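Student: I've got a structure to show you, and I'd like to talk through parts of it. Can we go question by question?

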Amino acid sequence: MHSIYTTNEHLLNNTICLLLHKHSLSMAKSPESEHPIKAYGYAARDTSGVLSPLTFSRRATGDKDVRFKVLYCGICHSDLHFAKNEWGMSTYPILPGHEIVGVVTEVGSKVEKFKVGDNVGVGCLVGTCGSCECCANDLESYCPKQILTYGFLYHDGTRTYGGYSDHMVADEHFVLRWPDNLPLDSGAPLLCAGITTYSPLRHFGLDKPGMKVGVVGLGGLGHVAVKFAKAFGAEVTVISTSSAKKQEALEGLKADHFIVSKDPEQMQVHGILNSFK
Ligand SMILES: [Zn+2]
Ligand SMILES: [Zn+2]
């Protein structure tokens, strides 16, 4: 087996989110009055995990901004962590959602890539410094001054709010064109769970027939990883803590093998060091 790819956690996003800790959130005005455009969404107000309606506001469309009506938004497990402050960095109200798909309603005067009516998506990033080495090399997700889609301070000092809302506005650099042949609803998770698994598969060269890929954990990310790896032509082994997802893995997602990580015999047969207890 060439590689064990851990999908139990949002490695990429966790790294990003930890950087949030460096920033304290403060607001001079209320969410409802700080910007000119009225907006509506669902926000967490405490650690209960309950979301309730929030009337807030979004900035006017800037020169490089794309404004779009939110049609669909994935529910990522990071949203749940944030809503419940399980990472200890949430500041309420927090309006989650970072797998956002919609249709463009307005573009700024200097926007070049989009026009009204285009289908678009926004993931977990809405801003970076734009000048560091990472930004210069299209590695914005490593920028030390990155601005997350929600729970973060934007360049203007106001808080970012995510996709559990009626509309969104973002700099076109962080807006993705949505392919015509990709469903708007079921495609939304590609904006976080998708790229988080697609990227390492490509980066480590596991994107070709003949490769053997192990996917640890068949959750939100894991099942997408299996789909990608199979589409790339790899031989895919799902490694899970119990046999509960065996049928889904082998029959539903067409994985080639299934291993229960808590069964030392199975792990040994496949030559895997069991470090996933
Ligand atoms: Zn996510
Ligand atoms: Zn940067």
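Student: Which residue in the turn of the β2 and β3 hairpin has a positive phi?

Tutor: Quick note before that: this is a predicted model, where local features need pLDDT of at least 70, side-chain atom pairs count only at pLDDT 80 or more, and totals for chains, interfaces and linings use all residues. Residues are numbered from 1 along each chain as its sequence is written, while chains are lettered from A and ligands numbered from 1 in the order in which they are written. Strands are DSSP runs of E, at least two residues, and helices are runs of H or I, at least four, numbered from the N terminus. Six residues sit between β2 and β3 in this hairpin, and the one with a positive phi, about 90°, is G49.

Student: How many bridges join β2 and β3?

Tutor: Strands count as paired if DSSP finds at least two bridges between them. Here β2 (residues 37–44) runs antiparallel to β3, and A39 stands opposite F56 of β3. The bridge count for the pair is eight.

Student: Is T55 buried or exposed?

Tutor: T55 belongs to β3, residues 51–58. The call uses C-beta atoms placed from the backbone: 20 or more others within 10 Å means buried, 12 or fewer exposed, and in between partly exposed. Because T55 has 12 such neighbours inside 10 Å, it counts as exposed.

Student: Which residues does T55 touch, leaving out those up to four places away in sequence?

Tutor: A contact means backbone-placed C-beta atoms within 7 Å. With that cut-off, T55 touches E32, K38 and Y40.

Student: What is the strand order in the open sheet of five strands?

Tutor: The pairing there is antiparallel, and the order is β9-β4-β5-β6-β10. The edges, each pairing on one side only, are β9 (167–171) and β10 (176–177). Then β4 (residues 65–73) meets β9 over five antiparallel bridges, and the partner of F68 in β9 is M168. Reading across, the order asked for is β9-β4-β5-β6-β10.

Student: Why does the length of α5 agree with its residue count?

Tutor: The expected span is 1.5 Å times one less than the number of residues. α5 (residues 220–232) has 13 residues, so it should span 18 Å. Its end C-alpha atoms agree with that, being apart by 19 Å.

Student: Which residue just after α5 takes a positive phi?

Tutor: Within α5, buried residues include L221, H223 and F228. Just after the helix, the residue with a positive phi of about 95° is G233.

Note on methods. Two residues are in contact if their C-beta atoms, placed from the backbone, lie within 7 Å.
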